[in-house]
Amino acid sequence: MAVNGVGSSVDIAVSGLRAQSQRMQVIAENLANAHTTRTADGGPYRRREVVLRAGGDGPSGVTIETVRPDMENPLQRVRMPGHPDADADGYVTMPNVSIPSEMMNLVVASRAYQANAAVLKRYQDSVDNALELLR
Amino acid sequence: MAINPIAGGPNPVSGVSGIQGTQRAQPTAKPGFQDTLQTYMKNVDKDQHASSAAVKDLLSGKSEDVLPAVAAMAKADMSFKLLVGVRNKMIEAYKQTLNMQV
């Protein structure tokens with residue numbers, strides 16, 4: 001029985017758990033910086049998203065390819081004349097984080113995490129079932 | 001495996017020579033059941049050590065990721081259960097052989 005075989009279900013499920021928890025981490029960062037106007041690169045915060053990649057040949061789980069900034073959604077311009085980062089017209093460029101859609105992504109990521117945990121549990125149960133046959 | 005030298009020997013009483021026979025046969029023959037079992041037990045032991053090291057790392061704060069500990073514990077648990085199952089089955093077979101009417 002390949003309990004520890006390469007590409008065992010335990011490792012695959014754990015790689016899924018890791019990927020989803022990384023997604024949740026990035027979503028948390030997006031939500032925390034939903035109104036951040038100053039970053040190290042200058043300019044407002046840009047929402048980030050995780051890009052996942054399937055493992056090599058055969059089933060070997062998922063790896064985190066990269067975490068890249070979202071350049072598709074435009075940054076929002078909000079009129080806040082008193083703000084220190086406001087331009088000459090009184091507009092502040094705010095991050096392109098949409099809190100409702102981040103909350104939706106959070107639900108998706110946490111459900112996917114649960115699904116991977118369920119796979120891990122079911123695999124352990126099925127190994128236990130197989131070992132019951134030894135008795 | 002130990003039965004062959006005893007049955008094949010001219011003197012059935014000398015069980016000791018039978019045991020010596022198996023020991024001599026080991027280097028030339030393919031790995032016996034004992035070696036297989038020992039290798040598997042070593043693997044199970046390695047899993048157990050990996051699991052306890054992962055838990056220790058987690059509790060001592062060396063690692064903040066709970067997932068390696070989860071994976072190591074799941075693997076150690078499953079392989080140990082398999083070892084216990086095989087061991088129970090072997091003891092059972094031994095007892096059945098012992099109670100056999102000759």
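In this predicted model, helix α1 of chain A passes helix α4 of chain B in a right-handed crossing. Two packed helices are described by the angle between their axes and the distance between the axes. Here, α1(A) and α4(B) pack at an angle of about 165°, and their axes lie 10 Å apart. Angles over 145 degrees count as roughly antiparallel, and α1(A) and α4(B) are therefore roughly antiparallel to each other. On the chain A side, the contact is made by A:V10, A:D11, A:V14, A:L17 and A:R18 of α1(A). These residues meet B:L67, B:V70, B:A71, B:A74 and B:K75 of α4(B). Sorted by class, the contact of α1(A) with α4(B) holds seven nonpolar residues, three charged residues and no polar ones.

Turning to the two chains as a whole, 12 residues of chain B are in contact with 14 residues of chain A. On the side of chain B that touches chain A, the largest share, 11 residues, is supplied by helix α4, which spans residues 67–98 of chain B. The chain B residues on this side divide into six nonpolar, four charged and two polar.

In soluble globular proteins, nonpolar side chains tend to be buried together. In the present model, the largest nonpolar core has 13 residues. The members that touch the most other members are A:V10 and A:V14 from chain A, with B:V70, B:A71, B:A72 and B:A74 from chain B. Two elements give two or more residues to this core, namely α1 (9–32) of chain A and α4 of chain B. The largest share, seven residues, comes from α4(B).

Is A:S9 buried or exposed? A residue is buried if 20 or more other C-beta atoms lie within 10 Å of its own; A:S9 has 20 within that distance and is therefore buried. Leaving aside neighbours within four places in sequence, A:S9 is in contact with A:V119 and A:Y123. By contrast, A:D41 sits 32 residues from A:S9 along the chain, and the C-alpha atoms of this pair are separated by 41 Å.

Of the 102 residues in chain B, 13% are buried. Among contacts in chain B between residues at least 6 apart in sequence, 39% join residues at least 24 apart.

Within chain B, helix α3 (residues 33–60) packs against α4(B), with axes that come within 8 Å and cross at roughly 150°. That angle makes α3(B) roughly antiparallel to α4(B). The crossing of α3(B) and α4(B) is left-handed. Residues of α3(B) that take part in the contact include B:Y40, B:M41, B:V44, B:A54, B:V55 and B:L58. Among their counterparts on α4(B) are B:P68, B:A72, B:M73, B:A76, B:F80 and B:L83. By class, the contact of α3(B) with α4(B) comprises 14 nonpolar, four polar and two charged residues. One of the α4(B) residues in this contact is B:K75, and B:K75 also belongs to the contact with α1(A).

Terms used. Residues numbered from 1 in each chain as written. Chains lettered and ligands numbered in written order. Predicted model: local features only at pLDDT ≥ 70, side-chain atom pairs only at ≥ 80, totals over all residues. Contact = placed C-beta atoms within 7 Å. Helix = DSSP H or I, 4+ residues; strand = E, 2+ residues; numbered from the N terminus. Nonpolar A, V, L, I, M, F, W, Y, C, P; charged D, E, K, R; others polar. Buried ≥ 20, exposed ≤ 12 C-beta atoms within 10 Å, placed from the backbone. Axes fitted to C-alpha atoms, helices over the stretch in contact; angles between N-to-C directions. Parallel < 35°, antiparallel > 145°, perpendicular 65-115°, else oblique. Left-handed = near helix turned anticlockwise from the far one by under 90°. Core = buried A, V, L, I, M, F, W, Y, C linked by C-beta atoms within 7 Å.
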